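Reader: Could you zoom in on one spot in this structure for me and walk me through what sits around it? After that, I'd like to hear how the rest of the chain is put together.

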Amino acid sequence: METIVLLTALLGAPAGLSAVSAEAASPVPVCASAGPEYYAFELFTTRNVPGTGLAEARAELEVSGGSPFSITLGPDGSYVYDVSVSLDRMKAPRTGHLVAWATTPDIDQVERLGTLDEQLRTSGQVRWNKFLVVVTWESEDDPEATMWKGPVAFRGMSRSGMMHTMVGHGALQQENCAAYGYGN
Amino acid sequence: MTDRRRQARVPGFLVPLWALCVLTPSAASAQHEMHGMTMEGGWRMVPMDMSMPMLPGLENAVPVVGPFLPGMGMDPSMLPEARPSEMVPMADGDTLDVSVSMVRRTIDGHEMVMFGYNQQYPGPLLQAPRDATIVVRVRNEIQMPTTIHWHGVRLENRFDGVPGVTQEAIEQGESFTYEVHVPDAGMYWYHPHVREDVQQDLGLFGNLLVTSPDPDYYGPAHREEVFVLDDMLMDEQGALPWGDSAPTHALMGRFGNVMMVNGETDYRLTAQKGEVVRFYLTNVANSRTFNVTFGGAKVKVVASDVSRFEREQWVGSVVIAPAERYVVDVRFDEPGEVVIANTIQAINHFRGEFYPHVDTLSMVSVSDEPAESSVSEAFDTLREHADVVGDVESFRSFFGQAPDYELETTVRVRDLHQSIVLSMEADTLYVPPMEWNDAMPMMNWLSTGEQVTWILKDRETGAENGEIDWSFDVGDVVKIRIFNTPDSFHPMNHPIHVHGQRFLVLSMDGVESENLVWKDTAIVPVGSEMDLLIDMSNPGEWMIHCHIAEHLHAGMMFSFTVGAERP
């Protein structure tokens, strides 16, 4: 984390000032929500599906229960999250189905979370630490589908996507930005 | 610590912006030129990924406390070489003399001065039958005061080993006699309750195995292995110095970079095909939570801190936080080499990504020769422990009650280097539920117990740490809700330990636990809310604290009283 160099830190650091108190600056506005919802994130409309332009969409994450160890991990050490997807300020489509999916940032792996019900809610499980949630408009409700076919209506990234890369750009760039992907 | 000293230890400049704009990878590497060199005050720079540039202004910074190494200037060859742990079977009333002394250890090729109980690593493995009382006479021969805390044991309060609460610390040359009554079968451990970040890290820990009179207490296994999991922070010269007047690494705790099982870096086992091995796992690391995997072997979790689970359960790995214990049965079905590993998704903050990381803890060579088959076959059955189910059932009427108390965790810092403060504030846009690796070694090292205060806060009264004043009576069943606040300067998971009592983890984030076990330590991930039900069964003044050694020293503790049974 010490590798993260902030422009604001540099500009705002008068010479000779080396130690400050976080108490003096408190309360520190670190995050907007608290509790299990801390890992919730917003899904943004693509406006590609009729009736979704003013909708509010959200994915809420909880570290999955049921583990004897207070926290549930997959075999590779990734968190196992229970993901709940909800859409509000819109109506269920008269035709077709809205389906929620999770996918890796490189979209090389896709998991179907579920078909949204009449209340425009669904839930599923994700075994990645950084991922996208996508809601698509499908003509068929196929529980066996492994990839969406219809247009993307909403998409959003897990809170872990807020970890900022310094390696691909900026003052500390070490690699060609174009060659650097989203990461894991 | 004077202000002058503090100012002297933190360089008073930051790298100008123009310098960063022309920084090249080679220049970034040059920032690490202090690695391997003795810095101001005798410090050595903390080991870290040399390919990453360093936060401006921290290149020559050292902690505001002085460095400590045991036996500084002493020739280690003058000390006795520590030897592996020996089992000490003890019957009711038996007495054991335990010396706390300096020893010579060789870890990862480095000969070092460390501490030992009876010159052993780990300390002697004590074994006593349930309901026995064993006597342990402790003599302190190290320069630091010490005590022994009998972790998880519901023993008489005056023998709990907390300085200033249940006893005075044992000074060098002095002795203290502990009478340890063991009412619950299971695996426990003992360690100092004075500067755990130093003494425990230097080797002062050992197990206490309490056996049940029921020969069928655990299911069939071909044999048993004790695995004490630990890590140590080392560079090319040996162990990195600890803080003298207060711990370093106060933000995240001191993560080691050398993994050990039973004090050894290359602990190996052999097994026969189909052999069922019962592992008693104890995590004695200062801060690291392990995710223990057993290759492709089949694993079932049987017991934890203070009891067996209601039901045995198949698991893919064992998540074990500092001070926790788990008993797992593992069957090695396939001949070949099985790696017992710490398998995690670490964080690289420079790249802003998770990456898979595996530390080998131990290797098991599985032979072609088949093990005795009846035990192998019995392994396939998951047993239900009716006595545990019945015991838990007698508390079920309390499960739905509103919390009696609510705690939240947070942290307060002062006088940290400005680069650290600004970076931390910006980087907490996302904080993982658990810290599996030290992703910020330099910043973590520079944060000391003099600058960081970790806090347990009573939500109703606002009282913090030692201000909290809770009183109960024996027989009370108390629900406590602990919320790990994500919106603090540096949120982090906390293994919360309750002394002298036992508790159930009823739920995490409102999701009820389906398979209960009596615990004395449990992890609260960041942003999570854990409901505990504590069986106040043991009178006295007892501690609640975070078992990350540096967090404990940085204030994250308080004591509560349990009065004699109500008439």
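Author: Let's start with Ser85(B) and its contacts. Leaving out residues up to four places away in sequence, Ser85(B) touches a run of neighbours made up of Gln120(B), Tyr121(B), Pro122(B), Gly123(B), Pro124(B) and Leu125(B), plus Gly206(B) and Asn262(B). Keep in mind that this is a predicted model. As for where Ser85(B) is, look in the loop that links strand 2 (83-84) to strand 3 (87-89) of chain B. Ser85(B) counts as buried because it has 22 C-beta neighbours inside 10 Å, and the cut-off for that label is 20 or more. Asp108(B) is another story: it is 23 residues from Ser85(B) in sequence, and their C-alpha atoms are 19 Å apart in space.

Now zoom out to the chain around that loop. Chain B has nine helices and 38 strands. Its radius of gyration is 23 Å, close to the 24 Å that the globule rule gives for 567 residues, so chain B is as compact as a globular protein of that length. The C-alpha trace spans about 70 × 60 × 50 Å along its principal axes, and 55% of the 567 residues are buried. Of the contacts in chain B with a separation of 6 or more, 81% are between residues 24 or more positions apart.

Then there are the domains. Chain B splits into domain 1 (3-63), domain 2 (76-211), domain 3 (223-384) and domain 4 (396-415 + 450-563). Where domain 1 meets domain 3 in chain B, seven residues of domain 1 contact nine of domain 3. The domain 1 side of that meeting place has five nonpolar residues, one polar and one charged.

Notes: Residues numbered from 1 in each chain as written. Chains lettered and ligands numbered in written order. Predicted model: local features only at pLDDT ≥ 70, side-chain atom pairs only at ≥ 80, totals over all residues. Helix = DSSP H or I, 4+ residues; strand = E, 2+ residues; numbered from the N terminus. Rg over C-alpha atoms; globule rule 2.2 N^0.38 Å. Buried ≥ 20, exposed ≤ 12 C-beta atoms within 10 Å, placed from the backbone. Contact = placed C-beta atoms within 7 Å. Domains from an automatic or database assignment. Nonpolar A, V, L, I, M, F, W, Y, C, P; charged D, E, K, R; others polar.
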